[in-house]
Amino acid sequence: MTYRKFKADFLFTGEGFAREDSVLVTTDDGRVQDVIPAAAAGEDVAYYPGVLSPGFVNCHCHLELSHMRGVVPEATGLVEFLSTVIRGRGVENPEAIAGAIAAGEEEMLVGGIVAVGDICNTADTLEQKRKGRLHYYNFIETIGFIEGGAQLRFDHSRRVLADFGDGVIVPHAPYSVSPALFRMIAEQAGGRVLTIHNQESEAENAFLLVGKGEFLRLYAALGLDVSFFEGTGVRSLESWLAYFDPAQPVIAVHNVATREEDLRMARGYNLRYCLCPNANLYIGRQLPDVELLVRSGCFIVVGTDSLASNHGLSILEELKTLQLAFPGLETSILLQWATLNGALALGMEQQLGSFAPGKRPGVVLIEGVEGGRLGGASVKRLI
Ligand SMILES: [Zn+2]
C-alpha cells in the first residue's frame, strides 16, 4: 500500500486547525490514515502553500436547474424570482439540460465539493449522478398548496423517488404545501433528514400569518385561487414545524427572515440552519441575521442553491460572502460549517466531513488565505 503525505501552512481537520507542523496521511485513494507530527511522518511529505481541508458538503442545491444560469434577473425579490423560475422551467431541450447538469457537477467537483443535498423535482439529474463522482442525498421536492391535490402530488413525487431509488420526499416551502401534503411527507420521513425552504423573505411570514401581502401576486401569476387561505396565525417557521415530531431532523434553508422569537419557539426541535448567502443576495439583496443564529447556538450548514439564483456552485464563494458581511466569523468556524457540519446534517459523517481515520472526505487546498481571511482565496482539489 502506498501512502500520500500532505503538509500545508495550516491543516483544518473538520473540527479545527491541527497543531502546527501536522501532516495528513492518506492512502492513494484518499482514505485517511492519521494526522501526525511532521517529525514522525518520515520522507515524501508533499508541501502545499495554503490551508488543507476535508472536501466541502453543499447542503442545498438544485442541480436540475443548472440550465437556468443567467436567466433570472437579479434583485427582483422572491415573488418575481419564483414566477420566473416556474415559467422558465423546462423550456430548454433535454440535451441542453443534461449538458448544464454535467457542467454544474463538474464545477462543484473542481471547487472541492464532495457531497450535495440536492433538490429534485424531476429525474433529470439521475444519469449524471449514476456516474458516482459526488455523493448525493436526493431531496425529492413536492409542491401543492391546494389540499385536494395532495395525493396526486405525493404520488408524483413517489414516482420520482422510485426513479432515483433512494432519497426522501420533502416539502418545497411553507407557502406552497398544503396541510394534507405536509402530513404525508412527515409520515414517510421515517427519521431521515428532510429539508424545506424557510423564511426566505418577510413577505413569507406575512402570508403565513394572515394570508395576505406580496405573495398573493405569486399565486395570481400561477393562476391559483388561494382565497380559502386565511393564514395560520403564526409566523412561517412555526406554521410548518407543527407537522413534525421534534426529533425529526430538518434542514431549514435560507432563514433570511428568521428572528429571535422564531428561534426561541423552535428550541427543542431538531433543526439545522442552511445558509445560501449568494442566492439571498441574488434574489433579494438581503442576508440572514447570521450573528443571531450563531449567538443562539444554531447548528449551521452551507449551500449554494441553484444556478437560477447564483453565479456559481462554489461553497468557498459562499464562505467568502459570509465572512465579508460578518467579519466576526472566523475561517475555522466557516470551514466547520462547510465540512463536518454538512456531513453530519446529511448523515454522511461516517465517510465525509473530517480527517478522522477511516474516512474518505476528499482533500482540498485553499490558497490565497491572507491573515486568516478568505477574501482572496481560491480552492483546488487534491483528492
Ligand atoms: Zn432552493
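Buried means under 20% relative accessible area, exposed over 50%, and partly exposed in between, with a 1.4 Å probe and protein chains only. His60, at 1%, counts as buried too.

A word on the model. It is predicted: local features need pLDDT of at least 70, side-chain atom pairs count only at pLDDT 80 or more, and totals for chains, interfaces and linings use all residues. Residues are numbered from 1 along each chain as its sequence is written, and side-chain values use heavy atoms, with hydrogens and water left out.

Now the metal. Which residues coordinate the zinc ion? They are His60 (NE2), His62 (NE2), His197 (NE2) and Asp305 (OD), at 2.1 to 2.6 Å. Along the chain, the donors follow the spacing H-x1-H-x134-H-x107-D. Donors here are N, O and S atoms within 2.8 Å of the metal (3.2 Å for Na, K and Ca); water is not among the atoms, so sites may look incomplete.

Next, the domains. An automatic or database assignment sets their bounds. Domain 1 is 1-54 + 354-383, and domain 2 is 56-352. Their centres, taken over C-alpha atoms, are 31 Å apart. The contact (heavy atoms within 4.5 Å) takes 23 residues from domain 1 and 24 residues from domain 2.

What about Met108? Leaving aside neighbours within four places in sequence, Met108 is in contact with Asn58, Cys61, Leu63, Ile113, Val116, Leu134, Tyr136 and Leu313.

Last, salt bridges. The rule wants a side-chain nitrogen of Lys or Arg within 4 Å of a carboxyl oxygen of Asp or Glu. Across the interface of domain 1 and domain 2, it finds 0.
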